[in-house]
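Dear colleague,

I am passing a structure on to you, and below it you will find notes on a few of its parts. Please read them with the structure open beside you.

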Amino acid sequence: MKKKIAIVGGGVGGLALASRLAHKGYPVEVFEKLPSCGGRNNLITEGGFKFDTGPSFVLMPDFFGEVFSYCNERLEDHLSLKVLEVSYKLFYPDSDTFTVYRDPVRTREEIERLQKGSSAGFDKFIKATTVLYEKVRPLLYRCFTPSACFNPLLWPLLKDIRPFQSYWNMVKEFFPNEKLCYAFTFEAMFMGVSPFEAPAFYSIISYTDHVQKIYHPLGGMYEIPRALEALAKRFGAKFHYNCEIKNIRPEKSTLAINANGLDVSFDSVAINADYAYAQESLLSRNLKSYRYSCSVYLIYLGLKRKVKGLEHHNLFFAKDLVANLDQIFKTGNVPYDPSFYIHVPTVTDSSLAPQGKDILYILVPVPNLKKAKSDIEASEEALRKTIFEKVSKIIGSNLEDLIEVERHFYPRDFLDRYNIKYGATFGLAHNLTQSAFFRPANFDQRIKNLHYVGASVQPGGGLPVVIASSRITADLIERGF
């Protein structure tokens, strides 16, 4: 008889794992403290606007396809992914811009406009990151422990993936122009780490941007957890919402979870909650000393009309990006001149807002609650004013006058709503000592039949990688590991 399995947390990792295990015939029950699935990949609806609250784009679509094919389904029957013709647009403080297109010829023209002769560096960079991606991709479906570093078969790989070089220094090899360096390393900030600290192998994100392209799921990003939940239910998985787990403990040959005050026993448990929270609150353990990602301050705006000048994805750089990164990751000061990202999904998908209206999702990287020297709320008015002035200049209208709906989300909300330690939006930081072999494994080394899935364990954060995490964990459970 198949093992009875509990999954604690209904984020994308937990949903993908539930789909895989239910498809294999396991009795699966998912426990989620929120009233709906998705975790950080969630939804706010107000006044006809549909705001996606978490991830805002789809990279590496083959990883999404894999979870459906694992269940003998076709991705196309569950999600409609549209490739973007304009991948994103970058705004520099001197009013210069850089647009990345689906068409690499047009991207090369943009590179040449910023610095003549640099498109040759772009070709070399893509070649180098392609090699890296081919080396790293197979690792995203394997679970390692630090002892794997002593396996001589892996030593050549350690050299190939440039673990001791920073993302920034790798990019500098190909682009002497600092604007281009920022253009090809900014993705690190959206893993919650500085490009000056992220290992070079994270440059595979740039590879996916430029080679595999960027996609949008029609209907919004919340269609992803919704599709996975439906897939899991099709195979018999049961979902318990508004059901918070208080603790997990071994009990003879089973594991007991306390769900809304009641103890329930399972043969195996997989935790899709934040790893640090799980160790301290669910397992009553002393937590190791980890480094945590930054947090973010979010503004969701529903606008009275459509605006011009912005693409689906936009990034505004601070005047002094080095100082901005220091504030976020070192000094803990609220950025006085922030870099920020703007998501305008209605450029591509009109279904997300009332006819003739736009959505602006503004994300500002800020210090997590461990590092922060003050509450973001104390600086919110000045921060909002700085951002709105920059956006107003681009769209040619006073942004304040266009607002119909406005919602905010703060670092403390990540702690209170999602149980993410220090409100560190992206979980454990993706620095060298918390990547690959050194990131927490997908199985518990002290309790048999206890497993983990999600952004804070192997292989790491980001929707496609979290989906890969669900494959690792499903394989471990299948093998009885």
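Does Ala273 count as buried or partly exposed, and why? Ala273 counts as partly exposed because its relative accessibility is 24%, where buried means under 20% relative accessible area, exposed means over 50%, and partly exposed lies in between (1.4 Å probe, protein chains only). Ala273 sits in the loop between strand S13 and helix H10 (275–282); here helices (H or I, at least four residues) and strands (E, at least two) are DSSP runs, numbered from the N terminus. From C-alpha to C-alpha, Ala273 lies 22 Å from Val58, and the two are 215 residues apart in sequence.

Before going further, please keep in mind that this is a predicted model, in which local features need pLDDT of at least 70 and side-chain atom pairs count only at pLDDT 80 or more, while totals for chains, interfaces and linings use all residues. Residues are numbered from 1 along each chain as its sequence is written, and side-chain values use heavy atoms, with hydrogens and water left out.

Strand S13 (residues 268–271) is covered on both faces, with Ser268 and Ala270 buried on one side and Val269 and Ile271 buried on the other. S13 pairs with strand S1 (residues 5–8) in the parallel sense over four bridges, where two strands pair if DSSP finds at least two bridges between them, and Ile271 is the bridge partner of Val8. S13 also runs parallel to strand S19 (residues 450–452), to which three bridges join it, and there Leu450 is the bridge partner of Val269.

Helix H1 (residues 12–23) has twelve residues and reaches 16 Å from its first C-alpha to its last, close to the 16 Å expected at 1.5 Å a residue, the expected span being 1.5 Å times one less than the number of residues. Eleven of the twelve residues of H1 are buried, among them Leu15, Arg20 and Leu21. After H1 comes Gly25, whose phi is positive, near 95 degrees.

Finally, there are the nonpolar cores, which are sets of buried Ala, Val, Leu, Ile, Met, Phe, Trp, Tyr and Cys residues joined through side-chain atoms within 4.5 Å. The largest has 77 residues, and those that touch the most other members include Leu90, Phe98 and Phe317. Helix H4 (residues 119–136) gives the most to this core, with seven residues. A second, separate core of 40 residues includes Leu17, Tyr26, Tyr215 and Phe239.

With best wishes
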